[in-house]
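Q: I have a structure open and would like to go through it piece by piece. Can we start?

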Amino acid sequence: MGQQENLLISTIVFLLTSDELNIGNMLDIGHDITSGKYADSDLLYVKGEVEKKVGNVMMGSTTNPLLRIGYLQLLLLLEQTPENFIRFVDAIGNEKIDVSERYGCWAQSRGLMFVIPSLYSKESYKHYLDTYKVIVEEYLTELNINLSRIPFNNRNHELIIFMTQNFLGIAHGPTKSCFYRAKTLKNLENKEIFIFNTNDLAPFMMRLPLFWEYYQNEKEELSEIDYLVDGNTKIPYFQAEVEDRPNMNSMIVILETIAELRPEMIINIGGFNPTASIANIMIPVVLVGLAPGQLQYDGTDYFTYSLELTDDVVSYAEYLGTSKNALIPSVFTSDLKEQTEHHTRKELGLPENKMIGCIIGGRLDLEIDAEFIEFLIGLEDIFIVFWGKLEKYEEICERYPKLKDMSLYGRMVGDMLSHLELCDIYINPKRRGGGTSSVEAMSKGVVPVALDFGDVAYNVGKEFTLGSYDEMSERIRRLKDDKGYYSHMSEKAKSRANYLCDTAHRFIDIVHDVERRMQEQAEKEYL
């Protein structure tokens with residue numbers, strides 16, 4: 001094994017056994033591991049050596065429980081399997097730590113499951129859910145408030161509350177999902193709407209001794225406003241103060257407000273919001289998931305599901321502790337930001353005479369791996385542009401000089417539609433996210449080429465997904481060489497985008513479905 005790997009082993013052992021924690025150095029190691037600095041086989045060797053040297057100590061009763069959680073997180077970074085994720089998330093649920101620390105660590109497991117697809121399995125998701133339920137119960141105990149179900153007939157059926165954990169600019173996918181759905185119900189269904197942002201998606205907790213962390217962005221100025229305004233639409237809004245943990249006082253204010261307002265239902269954008277889960281005691285909560293390519297359930301009364309409703313799906317829902325009646329079939333729609341700019345290829349440094357393939361995302365540093373790069377440099381007569389966050393672009397180009405000659409890093413852009421209209425093909429790496437950008441691309445007639453995995457696979461549909469990077473390469477070659485075929489697929493992409501942008505009708509269908517089920521349940525209870 002090389003000097004680099006042996007140095008990594010000795011550094012890890014020193015950090016884990018030192019009397020003084022150096023969390024900055026721990027996070028640097030995690031960044032190096034997830035950025036592709038080491039080969040997978042080398043990481044397995046490192047994992048084995050670390051376990052030999054400090055495993056017994058780390059798992060012993062004298063080790064600080066938070067450091068043990070950090071150690072188990074390191075092991076799953078070194079070997080990214082569902083089994084190692086289960087060990088990590090089980091420790092979060094079982095160790096004797098306070099609820100804010102438990103939630104802070106669990107929020108990091110949420111981020112890891114999103115950015116590292118190999119951690120997901122039905123079993124790992126169940127353990128992840130079980131630990132979340134422990135957190136909800138602990139918060140409920142600490143809040144020490146008396147809550148009970150408000151009967152169906154005693155609720156205000158003209159009022160629906162939306163809850164989210166993160167509310168940013170309109171270019172932010174979850175923010176769009178929340179606001180435009182709320183706006184639809186207000187304007188087309190004449191519903192009263194209130195939006196609560198608990199602002200606790202991923203609290204900034206500096207003291208957690210972890211090897212990988214992510215933190216939410218936030219807009220502090222929104223804490224000062226009482227309404228969100230868009231044209232003639234004005235929606236009441238409350239945002240909790242940002243802290244290094246869920247704000248207990250804000251939780252109580254929100255729960256007491258919900259008890260006073262007695263809404264018909266609560267729509268929880270993204271799910272896994274402790275305040276919304278506790279509110280489910282009083283009012284039925286509908287989890288509107290943000291990952292249409294998978295089943296998302298967090299223990300509340302209802303949840304949307306966008307894929308085909310098969311017996312296996314129902315069986316999996318039951319395995320997670322819910323039932324078919326809680327599952328709301330839906331179409332996951334997108335709302336696109338209005339285009340306000342126009343550009344030219346020359347202006348952006350793109351070649352005029354080549355087919356342009358675009359790769360878009362805010363987490364490309366984690367989502368682009370060696371296999372995907374090898375696939376890209378094997379493409380012929382295709383120019384690649386990366387838009388989003390790819391800070392390791394120069395480093396990748398040093399390792400793959402051919403990529404530098406055939407690509408451009410355009411960084412983050414404000415008006416994505418104006419950039420996409422200059423492209424020909426939307427190329428998607430293997431990842432869970434990226435759903436909104438794929439719909440934006442299709443709306444401009446850009447043809448998507450993706451693996452049958454994740455949110456993008458759901459959004460683009462079966463006609464645009466393939467089984468491997470080799471099949472993707474062949475599809476791109478055909479799109480490049482056959483103009484008639486490209487034109488045909490471009491029109492299909494536009495049609496698919498139109499279908500996925502019909503939020504007004506699709507989301508109203510979801511709300512009506514939930515209303516029907518609640519009415520039926522109330523009638524059964526009355527009888």
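Q: How do strand 3 and strand 4 pair, parallel or antiparallel?
A: Strand 3 and strand 4 run antiparallel, with four bridges between them. Two strands count as paired if DSSP finds at least two bridges between them. Strands are DSSP runs of E with at least two residues, helices are runs of H or I with at least four, and both are numbered from the N terminus. This is a predicted model, where local features need pLDDT of at least 70 and side-chain atom pairs pLDDT 80 or more, while totals for chains, interfaces and linings use all residues. Residues are numbered from 1 along each chain as its sequence is written, and side-chain values use heavy atoms, leaving out hydrogens and water.

Q: What stands opposite Asp230?
A: Thr233 in strand 4. The hairpin of these strands has two residues between them, and Gly231 there takes a positive phi near 65°.

Q: What sheet are they in, and what is its strand order?
A: An open sheet of eight strands with mixed pairing, in the order 3-4-2-1-5-6-7-8. Strand 3 (227-230) and strand 8 (327-329) each have a single partner strand, so one side of each has no neighbour in the sheet. On average, neighbouring strands are turned by 30° against each other, direction ignored.

Q: Which helix packs on strand 4?
A: Helix 8 (residues 173-188) does, and its direction makes about 130° with that of strand 4 (233-239). Contact means heavy atoms within 4.5 Å. Axes are lines fitted to C-alpha atoms, for helices over the stretch in contact, and angles run from 0 to 180 degrees between N-to-C directions.

Q: And which strands does helix 22 lie across?
A: Helix 22 (residues 503-526) lies across strand 1, strand 5, strand 6, strand 7 and strand 8, at about 130° to strand 5.

Q: Where are the edges of the six-strand sheet?
A: That open sheet has parallel pairing and the order 11-10-9-12-13-14. Its edge strands are strand 11 (407-411) and strand 14 (465-466), each pairing on one side only. Inside it, strand 9 (residues 355-361) pairs with strand 12 (residues 425-427) over two bridges. Gly357 has Ile425 as its bridge partner.

Q: New topic. How much space is in the second largest pocket?
A: About 940 Å³. A pocket is found on a 1 Å grid over the protein atoms alone, as an open set of points where a 1.4 Å probe fits, with protein on both sides within 12 Å along at least five of seven lines; lining residues have an atom within 4 Å of a point. Grid points are joined across faces, edges and corners, and the volume is the space filled by probe spheres set on the points.

Q: What lines it?
A: The lining of the second largest pocket has 36 residues, with Asp40, Gln80, Leu366, Asp369 and Ala370 nearest the centre. Helices that supply at least two lining residues include helix 3 (40-58) and helix 14 (370-377).
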